[in-house]
Amino acid sequence: MNDNQIFMLPKVSTFISVADAAIAKEITTSRTRFPKPIEFYESLIFYGQNIVVSEGEQWKKYRRISAPAFSERNNKLVWDESMKVMDGLFNDVWKDQHTITYDHCLDLTLPIALFIIGSAGFGRTISWVEDDAIPPGHQMSFKEAFSIISKDFLIPLILPKWAMGITKRSAAAGQALIELRKYMFEMIQQRRTSDKVERNDLFSILLEENSENMGTAALTDDELIGNVFIFIVAGHETAAHALLFTFALLALHPDEQEKLYEQTKSVIKDGRTPTYQDMNSLTYALAVLNESLRLFPVVSSFPKVSAEDTTLTTFNLDGESKTIPVPKGTYITVSTVAIHRNPRYWPEPKTFRPERFLEPDWPRDAFYPFAAGPRACLGRKFAETEAVAVLTRLIMKYKITVKEEPQFAHETFEERKARVLALDQGLTLVPSRTPLVFTRRE
Ligand code: HEM
């Protein structure tokens, strides 16, 4: 692979795409038989050795030290920070406007997710209005460096070093990378030397956990930075896109939005600020997120490779089995989209119906937005907490509708749905233009 290629498919002789839930379960639970082909992600090592681009003993070590960071302490912080970010949005940005319009609502969900991962992931509060003070020894504020890298982290991977200064955007990405590394080293030093203060962000818990593993088992500073970088990469865009699909689907389905509002109101009485303790009762909000991730799993597939000559067995609708030979070295893609839209598991698969997730026996083994098994997403609860908090706070105060535009006045519902949810090319699924309006309820 040369410097300019990212996420390249290696030359493969056999390739299998999986839309069968039982096979997906077998593959995701058999980590040594079907490991992750980390060569697909090799370029992400650029940011430092990390959990996403590792396998075997190295991955086990990263997972063991990273997993405790994704704790209840952190989830509660995610909730509280999400509330602060939403209240900051209402008070400092939307202010007393009755309606607020976005031509592409990604311009809203990207900063929401950025600010949440900034404080709950990184331990640095960045907000809608914070001034961009540049501390001594830096050329960029933390907010600026963090915002640029979370948006343009691919630029330093794609462009060769000599070309980084060619455009303003790539030069800024190169500088932001240097700055962010510097900030991270400073944060590591500061937390090692300052008095022990309880902090619940991922970075701080990771550092705590690491200092308890001193000796050969501990991560180096470069590995710590690599892993925290990857939390940003894995957790910013995914969460922002998931929120965007959720808002868009609610705008397209006012009845479902009303049900969400009614359930939220029945849990959060008198407009009080929702707390993390409320999360378990906000079942409809989680169902809405799940249904949105079922229809639009932002990570639409994930790769595995067969480590040995083996077989996989599938069944047709009459229960007859078929065994497929899987030679060593076969590349396998678990197609989340295909499983999620397979009518075998999901009746009326194209219909947006959050209630299906409130049924006690919904098909858990056919739901893969966060992958599954030992390599499942570490940030699942982080992302769920963030989405339920944001959605709850928003829906209590605002109604979401699709922006009316004269050129689309005569379109049918199906045409409107296809337009608002039309997908863009990208690493993760994202709609290309989602024009939405937020109207204050009272
Ligand atoms: C809706 C939001 C999210 C979705 C849909 C999502 C989805 C996924 C998927 C499908 C994987 C497996 C990828 C693969 O095997 O190639 C994964 C892995 C991972 N995710 Fe997420 N993710 C989300 C949010 C987050 C957040 C917020 C964080 C951290 C703050 C995070 C951290 C990680 C990490 C560290 C891994 C690697 C785990 C390992 O390899 O052991 N994710 N995610």
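Two residues are in contact here when heavy atoms of theirs lie within 4.5 Å.

## About the model

This is a predicted model, in which local features need pLDDT of at least 70 and side-chain atom pairs count only at pLDDT 80 or more, while totals for chains, interfaces and linings use all residues. Residues are numbered from 1 along each chain as its sequence is written, and side-chain values use heavy atoms, with hydrogens and water left out.

## Around Q263

Let's start with one residue. Q263 sits in helix α11, which covers residues 254–267. Helices (H or I, at least four residues) and strands (E, at least two) are DSSP runs, numbered from the N terminus. Is Q263 buried or exposed? Q263 is buried, with a relative accessible area of 18%; buried means under 20%, exposed over 50%, and partly exposed in between (1.4 Å probe, protein chains only).

Setting aside neighbours within four places in sequence, Q263 is in contact with S281, L282, T283, Y284 and A285. With T283, the side chain of Q263 makes a polar contact of 3.0 Å. A polar contact is a pair of N or O atoms within 3.5 Å; within protein, one must be able to donate a hydrogen and the other to accept it, and residues adjacent in sequence count only if both atoms are side-chain atoms. A polar atom of the Q263 side chain also lies 3.0 Å from the backbone oxygen of S281.

## The ligand and its iron

Now for the ligand. It is surrounded by 29 residues, and the closest are Y41, W59, R63, R375 and C377; a residue is near a molecule if one of its heavy atoms lies within 4 Å of it. Oxygen atoms of the ligand lie 2.6 Å from a polar side-chain atom of Y41, 2.8 Å from one of W59 and 2.9 Å from an N or O atom in the side chain of R375.

Which residue is the only protein donor of the iron atom? C377 is, through SG at 2.3 Å. Donors are N, O and S atoms within 2.8 Å of the metal (3.2 Å for Na, K and Ca); water is not among the atoms, so sites may look incomplete. C377 belongs to the loop between α13 (336–340) and α14 (380–397).

## Strands that pair

Two strands pair if DSSP finds at least two bridges between them. Strand β10 (residues 436–440) runs antiparallel to β2 (residues 99–102), and four bridges join them; Y102 has L436 as its bridge partner. Strand β7 (residues 398–402) also pairs with β10 in the antiparallel sense, over five bridges, and there I400 is partnered by F438.
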